[in-house]
Structure formats: structure tokens, C-alpha cells
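Welcome, and thanks for taking a look.

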Amino acid sequence: MQLLCLGLNHKTAPLAVRERVAFGPEDTGETVALIKTRLASADAGGVTEAMILSTCNRTEIYCAAVDTKRAADSVLELIEELKGVRTTDLQPHVYVYEQCEAARHVFRVVSGIDSMVLGETQIVGQFKKAVATARDVKGLGLMLNHLFQDAFTVAKEVRSSTAIGSNSVSLAAAAVRLSLRLFGNLSDSNVLFVGAGEMIELCAAHFSAQQPRSITVANRSLERGQNLAARYNGKAMKLQDLPQVISNFDIIVSCTASALPIIGLGMIERAVKERRHRPICIVDLAVPRDVEAEVSRLDDVYVYSMDELGAVVESGKESRKAAVVKAEVIISMRVQAFEKWLEMRAAVPAIARIRNRAEKAREELTQKAIKQIEKGADPAVVIDLFGKAFMHKLLHDPTVLLRNAEGLTSEEREHMTMIVGHFFGPR
């Protein structure tokens, strides 16, 4: 069984591509189950385990498979079927890692080294949710369970022994910076948050620190929106009322799990007219995007998506190069440990065959001994014969192997003799 990671992220694919292959909470679990059932055959790669990680900046599929090449091709074909994105369009943006390189990638992702925000901690929670979802649909087995537990251990070690997360510019902080560039300060700004998830909570905390004139939360669940708004002396509203009041807001930060845009061109065109061309700053943190792409073309409207925020975030990475180097050392050590585990697992089938053969010999000789005792044979003699016969059966194959090493070079024969000698050496 081989480990496979196939995906794309903010480094390899633009937002327009990432949003087309993003999986929402409603379809992640069923897709994991579909991968296991549809790709289980040898022709499809023999996939036995699967997990999907889909965030704002990446979509990655992890598998345990018999044939990783076939499995990778099959996964891309399935994505084409589910998302309507041609494989030929995806391939330039996709990376594929196998075995220890896949493990290294996972460790870097969970540790925050591969994130847009270097050292960010949100990815750990996202990864744990993805693992829990896969576990709920029985997508995980021995290999992926071991890999992900190792990954969480690595992430904890990296954060506790390096400064990887210090002085980082989060996406929420980047959103505030971009807003400040436009308005100078936010004391006269009315801020609207669309959604009430984890990312919006982070943004609300950062924007609240700037003491804007007002904070409003628009969410499908009014109760959840009220709970978030109450923390910052804000108001809540139903998402469906957004078109009627959106012109009241100077800054709009949106991050929902909607599969389609919820802020359209017509809505913002009307808002611009009602505002008499006072500027609007829109920060779209959702993937797929919450804001129609055409909105960015409007005058007096400044739309910032994940890709624009990434440029701001990038500025904070230079000072933490030493921390990254130290983190990579930790990861390399953990990868070596995982490699040893893989090697141990590779020996399991051979061990199972040895044990099965020994068990078969034991059962056969035990039955023979029982029959001899039932016929009146001396038990002590039977036990002695049983022991000799069992020893002969266990040693027969390696003895024949050593005696009849025809066709082997002297080096190969010497190597085989050394292995057998080590195996049967003194303990």
C-alpha cells in the first residue's frame, strides 16, 4: 500500500482555478466515500483510504492506494466528473507527492510552513475537521490515521520550539491594512461582516480594534450572527436583507460557504449610485468567491480577494526565515521516522506468510499427535516427535534455500547467508 497526496494551492493555482475544485462541508464526506468505492478496483488504483482537505488556499486529496499513478489519474477524472473541470486544465496546477514526500508535505502544511500566512494556526483546526469528516465516513485506515497523528505531533513540536508564528500577518490583519490604505482610519466607517464562521470571527476582532463607527453581521442564521455581533457591540441582520441595506456600509468582509456568489454586480451597482460614488472596500475571503468577479471593474469599488491579500501577507515572512529552517529540520527528522514505519509495514505481508505457514504446520502436527496419543502411544515420545517434526518443517525452507542457491552471484549468496544467519542467530 502506497501513500498519495494530490492537490493544488495558492502557490500553484490562481483563485479562479482553486474555487472551481473547492469542496464545501456538505459534499466533502460523500466525496471521500465515493473515492473509496469508485476507486477501489485495481484499474482505478486500488484506493483503500481517502481524505479531502479543502480550504481557502488549497484542495488536497490524500489516499492509500496500491498503484499511486493509476489512483492519481482516477482522482483527477473523478474531479472532472464532479466539478466539471477538465483534467487538462487542472494538470498544470496540480502537484503529486508519494510516500515520504507526501508525508513531508503533510507535515509542512499542518505546521503552517506551506500556508499563505506563514505559521498560521488555523490550518490545524481545518485539518482536524477534515480528518474527522473522513473518519465519519470510514475513509481512514491504518496508514492515513498514522500519518495524520504524526502530522499533529509535528505541528505541536514546531510551534513549541520555533518562532514560526511570531510577527505573522494574518489574513484578518491584512484585510484591516488594505482598508486603512483606502480610508486612512476607520473611525467613520461602517463595517459589514457577511457570514459568522471562524474567519469572520478573526476579522471582527481585528476590525473592532480599529474602533469603526459601527459593526454589523449578516448571516443566514440570525441567532449565530447576533452572538458574534454582541461581542463587539454590533448589530445582526438576516442575509436575505442584504440587497436593501448594503449601500450603508463602507467596508464589507465576506466569507461564507456558499457555492455561488452572494454579492452580485447589480447589487453593488445600485449601492454605488445610492452612495453617490463614495468608495466601498470589499474583502472577499471565500473560496469559491462570494463576490461576482465583475464587481471589481466598477469605479469606486475596491475588491480584494485571497490572491491580493496574499501579497500583503508575504511581507511578514522575511523575518522568520531562521524559524522556517529550524522547523524544516524537525520535519525532516519526523519524515525519517515515518519512512522507518513504512519499511516496517512493508515487511508485514512477509511476516504474515511466515506465521500462516508456521500455524498450518502446527495444526497439522498437533492433530497427528492427538491421534497417536488416542491410539495409546507414549505421550512423552509423541511430544518429542512433535517437537522434532515441527523444527524440521520450520527449518526446511531456509535450509533448502541455502543449499540450492544456484544462479546467484557470490555476493548475492553471501548476502542471503548473512540474512538467514542473522535471523537464526543467538538471542
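Contact here means heavy atoms within 4.5 Å. This is a predicted model, in which local features need pLDDT of at least 70 and side-chain atom pairs count only at pLDDT 80 or more, while totals for chains, interfaces and linings use all residues. Residues are numbered from 1 along each chain as its sequence is written, and side-chain values use heavy atoms, with hydrogens and water left out.

**Two residues to start with**

- Thr216 sits in strand 6 (residues 214-219); helices (H or I, at least four residues) and strands (E, at least two) are DSSP runs, numbered from the N terminus.
- Thr216 counts as buried because its relative accessibility is 5%; buried means under 20% relative accessible area, exposed over 50%, and partly exposed in between (1.4 Å probe, protein chains only).
- Setting aside neighbours within four places in sequence, Thr216 is in contact with Val191, Leu192, Phe193, Lys235, Met237 and Phe249.
- Leu408 lies in the loop between helix 16 (379-403) and helix 17 (410-423).
- With a relative accessibility of 32%, Leu408 counts as partly exposed.
- Not counting residues up to four places away in sequence, Leu408 touches Arg413 and Met416.

- An open sheet has four strands in the order 2-3-1-4, with antiparallel pairing; two strands pair if DSSP finds at least two bridges between them.
- Strand 2 (47-54) and strand 4 (95-98) stand at the edges with a single partner strand each, so one side of each has no neighbour in the sheet.
- From one strand to the next, the twist averages 15°. For angles like this, axes are lines fitted to C-alpha atoms, for helices over the stretch in contact, and angles run from 0 to 180 degrees between N-to-C directions.
- Strand 1 (residues 2-9) and strand 3 (residues 58-65) run antiparallel and are joined by eight bridges.
- Along this pairing, Gln2 stands opposite Ala65, and Cys5 stands opposite Tyr62.
- Helix 5 packs on the sheet and touches strand 1, strand 2, strand 3 and strand 4; the direction of helix 5 makes about 115° with that of strand 4.
- Helix 6 also packs on the sheet, touching strand 2 and strand 3, and the direction of helix 6 makes about 145° with that of strand 2.
- Strand 1 and strand 4 run antiparallel too, with four bridges between them; here Gly7 stands opposite Tyr95.
- Strand 1 is mostly covered, with seven of its eight residues buried.

- How many residues of strand 9 (residues 280-284) are buried? Five of its five residues are buried, and the strand is mostly covered.
- In a regular strand the side chains alternate between the two faces of the sheet.
- Both faces of strand 9 are covered: Ile280, Ile282 and Asp284 are buried on one side, and Cys281 and Val283 are buried on the other.
- Strand 8 (residues 251-254) pairs with strand 9 in the parallel sense over four bridges, and Cys281 is the bridge partner of Ile251.

- Two packed helices are described by the angle between their axes and the distance between the axes.
- Helix 8 (residues 171-183) and helix 13 (residues 306-314) pack at an angle of about 95°, with their axes 9 Å apart.
- That angle makes helix 8 roughly perpendicular to helix 13; angles under 35 degrees count as roughly parallel, over 145 as roughly antiparallel, 65 to 115 as roughly perpendicular and the rest as oblique.
- Helix 8 contributes Leu171, Ala174, Ala175, Arg177, Leu178 and Arg181 to the contact, and helix 13 contributes Met306, Leu309, Val312 and Val313.
- By class, this contact of helix 8 with helix 13 has eight nonpolar, no polar and two charged residues. Ala, Val, Leu, Ile, Met, Phe, Trp, Tyr, Cys and Pro count as nonpolar, Asp, Glu, Lys and Arg as charged, and the others, Gly among them, as polar.
- The axes of helix 5 (residues 99-110) and helix 6 (residues 122-136) come within 8 Å and cross at roughly 125°, and these two helices are therefore oblique to each other.
- Val106, Val109 and Val110 of helix 5 meet Ile123, Val124 and Phe127 of helix 6.
- The contact of helix 5 with helix 6 has six nonpolar, no polar and no charged residues.
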